[in-house]
Every structure is written in C-alpha cells, then in structure tokens.
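Here is a note for a colleague opening this entry for the first time. Please keep the sequence and the 3D view at hand while reading.

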Amino acid sequence: MRVTTNREPRIAYFSMEIGLQSGVPTYSGGLGVLAGDTLKSSADLALPMVAVSLLYRKGYFRQEISLDGHQIEHPVDWEPGAHMKLLPQRVKVRIEGRDVLVQAWEYEIRGATGATLPVYFLDTDIEGNDVWDRGITYHLYGGDELYRFKQEVVLGLGGARMLGALGHTVKKYHMNEGHAALLTLDLLHRFKQNIEHVWDEREMWHEEPVRDLCIFTTHTPVEAGHDRFDYGIVERVLGDYFPLSVLRELGGEAMLNMSTLGLNLSEYHNGVAKKHGEVSRNMFPGYDIKSVTNGVHSPTWTHHAWQKLYDEFIPNWRDEPELFVRVDAIPDERLWQAHIEAKQELLNEVRARTDVEMSPDVLTIGFARRATPYKRADLLFSDVRRLAEIAGGRLQIVYAGKAHPKDAGGKDLIASIFKGARFSRASESRLSAKLRDGFGPEIIAGVDVWLNTPMRPREASGTSGMKATHNGVPNFSVLDGWWIEGWIEGVTGWSIGPPATETNLVENDDGADIEDLYHKLEHVLPALYADDNHAGWMQVMKGVIGKNACYSTRTA
Ligand SMILES: *Cc1c(COP(=O)(O)O)cnc(C)c1O
C-alpha cells in the first residue's frame with residue numbers, strides 16, 4: 001500500500017457535483033455519482049488525491065409525483081455537520097466588486113486499505129458575506145446564468161485558492177467537466193506577471209505551464225450541455241480580474257464556453273467511452289480528445305446479497321474485480337437465490353411506497369435515471385396498446401427518475417409515462433409502472449433487465465448500466481456509450497435498434513428503435529426468462545458478471 005503524507009503533491013479533482021451517499025444531497029445524477037465513485041476507487045487505491053466541490057446547503061430536491069403525474073420539488077433538509085467537518089481556513093473571491101468569503105467542509109473518504117481522501121465542499125454561507133452571496137452555494141443547478149457563473153467562480157477560483165490555504169501542493173488539476181475551468185485563470189495569474197503583455201508577445205499556449213498542470217474530462221456529447229456564458233455576465237462578475245480579450249482567445253469569441261477554456265488549458269483531454277471520444281473530437285475539431293471509459297465503484301453498487309455470494313465464491317473481488325471472470329464457480333441455485341433476494345426486497349419497497357403488488361416470478365424491467373428528453377424514457381410507451389398486449393401478465397416495469405426543475409421536456413416525460421402506465425393498468429393487463437426516487441443498488445439489483453433507450457450518440461457513457469452488471473442484471477439498451485463496448489448479443493444482454501454508426505448529433509429515427517424494442521420484448525426476453533427453470537437466463541446473468549462487471553469498474 002502507498003502511504004500518503006500531507007506534503008505529498010496531490011491530484012486535485014474538481015467537480016460541480018459529487019455524490020457520495022444518500023444523506024449528502026450534493027449531486028443530481030450520473031456526473032456527480034461518477035465523481036463520487038472515482039474518488040472512492042482512488043481512496044481504495046491510496047492515490048494521493050483531494051477533491052473540491054460546492055456544499056449546496058439546500059441540496060438538490062426531494063421529488064414527489066402528483067396524482068396527475070407532475071413532479072413536485074421539495075427542498076432537502078440536511079445537516080452538513082453530521083457528515084463533515086468545518087475547517088477554519090477561509091479564502092476570498094471577488095464577485096461583482098465585492099470580496100466574498102469562502103469556507104470549506106471536509107468529508108473524509110476512507111479507502112479499503114485505510115488510506116483517506118479529503119473532499120472539500122466549498123460554502124459561502126458565512127456571516128460577513130452579503131445576504132445574496134451567502135446563497136451562492138445553496139442550490140445545485142438552481143438559479144439563472146448569473147447565479148451559475150458565480151458558483152463556478154467559487155468552485156474554480158475559490159477552490160484553487162482553498163487548496164493553497166490548506167497547504168496542499170497540487171501536481172495535477174483534474175477538471176471533471178467544464179464547470180471548474182475558471183481555476184485555470186487563477187493558475188495563469190500565478191505563473192504570469194502580466195497576462196495581457198504575455199499574450200501580446202504571442203507566447204504559444206501549448207508551452208503554457210498551466211497546461212502541463214491540467215487535465216480535462218468532457219461528459220457531454222450534447223451541444224447545449226456545455227456551459228456557456230455571455231461576456232456581459234463574465235465582465236459583471238469578474239470585473240477587471242482577467243483581460244477579456246485574452247479570455248475570448250481561450251474560451252471562445254462569442255460566448256465563454258467553459259469546455260473550450262478547459263480544452264485550451266489542459267494537456268490531456270478525454271471523453272468517457274470510446275464512442276464519446278469520437279463524437280467529442282467531431283464536436284471540438286483540432287483537439288486530441290482521447291477516451292477513458294467510465295467505471296463504477298464495485299462495492300458501492302453491488303447489492304448485499306451479491307456481496308455475500310462473491311465473498312464466498314470469488315474472494316478478493318473487491319480489490320480485483322477482474323476476478324469476476326470466475327463467475328462459473330457460483331452454483332446456479334445460489335445465483336438465483338441472491339437475485340430473488342434483491343428482487344423481493346425491491347418489490348416489497350414498491351408495495352410499501354405505491355401499494356402496487358408485483359410478483360417475483362414475473363420478468364421485471366427497470367428504468368431509472370435523470371428524466372431528460374435525449375434519454376427517451378417514454379420510448380417503451382410509444383405504443384401502449386401493443387405494450388399491454390406483449391406484457392399480458394409476463395412483464396412488469398419499475399421506473400424512477402427526477403427531472404431537472406427547469407427541464408420542462410423532462411417533466412413532460414414523467415407525466416407521459418405516468419399516463420401510459422395508467423392506461424396499461426386500466427386495460428387489465430398486469431403491467432405495472434410506478435416512479436420512485438432513490439440512491440444505491442436497490443432498484444438496479446432488484447430487476448431482471450436494465451433498460452436504456454437514449455438517442456444515439458448522445459449517451460456519453462451511461463454508468464447505471466455498469467451498476468446493473470455487478471448484480472447480474474443484463475442490459476437491454478440502445479447501442480451507445482459504454483454499452484457498445486460491453487454488448488455481445490444474447491450473451492451479455494440485448495441491443496435495441498441499429499449499430500452505432502452516428503458520430504454526429506444527427507436526427508434519430510425512433511421508429512427502428514421502437515420496432516426492435518417491441519420485437520425483442522415479444523419474442524426474445526420473456527421466452528428465455530420462462531424457459532427451463534431460468535437456465536438460459538442464468539447463463540446470460542453469468543455472461544453479464546463475467547464479461548461486463550469485470551470491465552465496468554474503476555478499480556481495475
Ligand atoms: C448512476 C446514476 C445515474 C446515471 O444513470 P445513466 O443511466 O448512466 O445516465 C444517474 N443518477 C443516479 C442517482 C445514479 O446513481
């Protein structure tokens with residue numbers, strides 16, 4: 001084991017959201033949970049690392065679905081002091097001409113071998129700050145463009161300064177998405193006496209020492225997903241902190257694009273799956289964007305029933321997930337037992353929350369992720385009559401997902417799924433669908449199939465499918481993101497629609513995807529499930545664990 005000392009130079013991982021556990025509501029979805037998983041795995045590997053994010057005292061939100069299918073958002077009450085420790089150090093950032101004080105809460109991740117990794121959650125809710133400035137770190141994705149830019153100033157500039165105040169020497173700054181890219185401006189100031197002057201002399205930016213220090217990961221193949229700010233807002237917030245003419249060269253002429261800024265000032269850039277690297281290179285021509293396929297933190301996403309089973313038959317799987325290739329050592333009846341335990345647990349919870357009674361003997365499809373249009377959560381309900389016919393007592397569905405409070409399209413999706421589900425139920429089939437809210441392996445491990453139907457090639461990676469693989473749950477998905485790499489038809493799961501030939505964001509043909517989705521639901525999945533005491537199905541489960549789980553991990 002490597003021993004990390006306080007003085008050892010560290011990698012500093014910056015992320016707008018970090019999801020570590022359900023009691024700390026500082027994340028909204030995949031990006032934050034992935035950041036948390038990356039950090040947990042880094043702690044297991046005792047890597048010299050620290051992380052920086054924002055505190056979000058008001059959390060993301062608690063979801064309620066009204067009787068007519070509309071999302072109602074409730075604030076989350078949580079007590080940072082119950083999970084982390086407030087540090088005495090304070091730094092300042094200048095916002096709209098005011099000095100804003102920033103403090104940090106330290107959350108300690110303890111790795112498998114005892115190494116610790118500190119996560120600093122920045123907080124401006126400090127006496128002495130203007131009442132509006134105190135709220136800068138209240139809401140995750142809660143405000144307007146101005147609010148958002150102020151948050152990114154606190155994250156990037158405040159975060160870089162806080163690490164200095166805490167005595168850390170940083171050898172690499174890892175920007176997880178563009179939100180933290182303003183940290184590069186703080187670094188440029190440290191290295192240059194006069195930035196404008198340096199630029200006048202046409203110093204080549206590829207010789208820039210700041211670049212050598214920085215790494216940038218992009219997660220978004222959707223153009224609108226890249227943060228962009230009007231220079232009017234930039235000037236209003238930053239004042240004369242950084243010459244705008246130089247910022248325009250680094251971050252884009254018309255708008256400040258945080259991804260462009262991150263790309264221009266980092267020596268290594270990557271997307272999060274092979275396909276996503278390709279799509280990103282098309283989106284940002286001229287940048288050598290590599291790809292590092294995401295993974296998940298195996299112990300976090302493995303249901304306790306499966307953990308027990310792996311501990312017995314594949315010891316050391318936690319440290320060496322590649323040992324999942326030995327899945328054949330697990331007897332079929334024990335495999336099925338673990339699966340049914342996880343399934344029954346989920347179905348009990350569904351009953352407790354929704355009064356819907358589901359059967360552990362019926363093929364159960366799971367779909368849970370952020371509700372946003374490109375994910376097409378309603379694709380399964382494209383033809384509810386046909387779906388109800390297919391189902392005919394052979395299919396049940398568990399749905400979950402929150403829509404961003406400002407994502408009207410996402411909220412419409414929730415409402416339309418609700419309507420579709422009600423229709424199917426009224427039609428006397430036993431198709432049951434309900435939405436719920438949660439964190440942890442419970443939903444994923446408790447279903448038989450994990451469904452994902454994004455518009456190609458908009459799913460950068462799709463980590464929830466990787467979580468499923470740790471619980472023997474095959475993916476039934478559109479060929480996009482990591483699934484292109486994990487898919488072997490009928491062996492690790494099933495595809496939906498044509499192969500992923502798109503490398504740009506062209507229009508998607510829903511028709512072909514819908515037809516294939518229904519065709520496989522009609523003729524492939526239920527038949528295999530019902531056959532011969534699930535023998536064929538268990539063969540697929542073993543394919544999933546042995547060929548996908550060993551690949552879908554951060555510790556490998
Ligand atoms: C893993 C995870 C996601 C990612 O889901 P995708 O289907 O990969 O987009 C989103 N939200 C939460 C809470 C997660 O744990």
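**Notes on the predicted model**

1. Start with the ligand. Its surroundings are Gly29, Gly30, Val33, Trp301, Arg369, Lys375, Gly462, Thr463, Ser464 and Lys467; a residue is near a molecule if one of its heavy atoms lies within 4 Å of it. By class, this shell holds two nonpolar, five polar and three charged residues. Here Ala, Val, Leu, Ile, Met, Phe, Trp, Tyr, Cys and Pro are nonpolar, Asp, Glu, Lys and Arg are charged, and the others, Gly among them, are polar.

2. A caution on sources. This is a predicted model: local features need pLDDT of at least 70, side-chain atom pairs count only at pLDDT 80 or more, and totals for chains, interfaces and linings use all residues. Numbering runs from 1 along each chain as its sequence is written, and side-chain values use heavy atoms, leaving out hydrogens and water.

3. Now the polar contacts (pairs of N or O atoms within 3.5 Å). A side-chain N or O atom of Lys375 is 2.4 Å from an oxygen atom of the ligand. For Lys467, a polar side-chain atom is 2.6 Å from a ligand oxygen. Thr463 uses a backbone N or O atom, 2.7 Å from an oxygen atom of the ligand. The ligand has 390 Å² of accessible area on its own, and the protein covers 87% of that (Shrake-Rupley method, 1.4 Å probe).

4. Where does the ligand lie? Domain 1 (10–271) and domain 2 (302–316 + 330–549) both give residues to its shell, so the ligand lies between them. The domain bounds come from an automatic or database assignment.

5. Look next at helix α14 (residues 384–391). Six of its eight residues are buried, so the rest of the structure largely encloses this helix. Buried means under 20% relative accessible area, exposed over 50%, partly exposed in between (1.4 Å probe, protein chains only). Helices (H or I, at least four residues) and strands (E, at least two) are DSSP runs, numbered from the N terminus. Just after α14, Gly392 has a positive phi of about 35 degrees.

6. Check the backbone at two non-glycine residues. Tyr56 has a positive phi of about 50 degrees. Tyr56 sits in the loop between β2 (49–54) and β3 (62–65) and is buried at 0% relative accessible area. Glu177 has a positive phi near 85 degrees. Its loop runs between β8 (170–176) and α4 (183–191), and Glu177 is buried at 4%.

7. Arg456 and Pro457 are joined in cis, with omega about -15 degrees. Pro457 is in the loop between β17 (449–452) and α17.

Notes:
A polar contact is a pair of N or O atoms within 3.5 Å; within protein, one must be able to donate a hydrogen and the other to accept it, and residues adjacent in sequence count only if both atoms are side-chain atoms.
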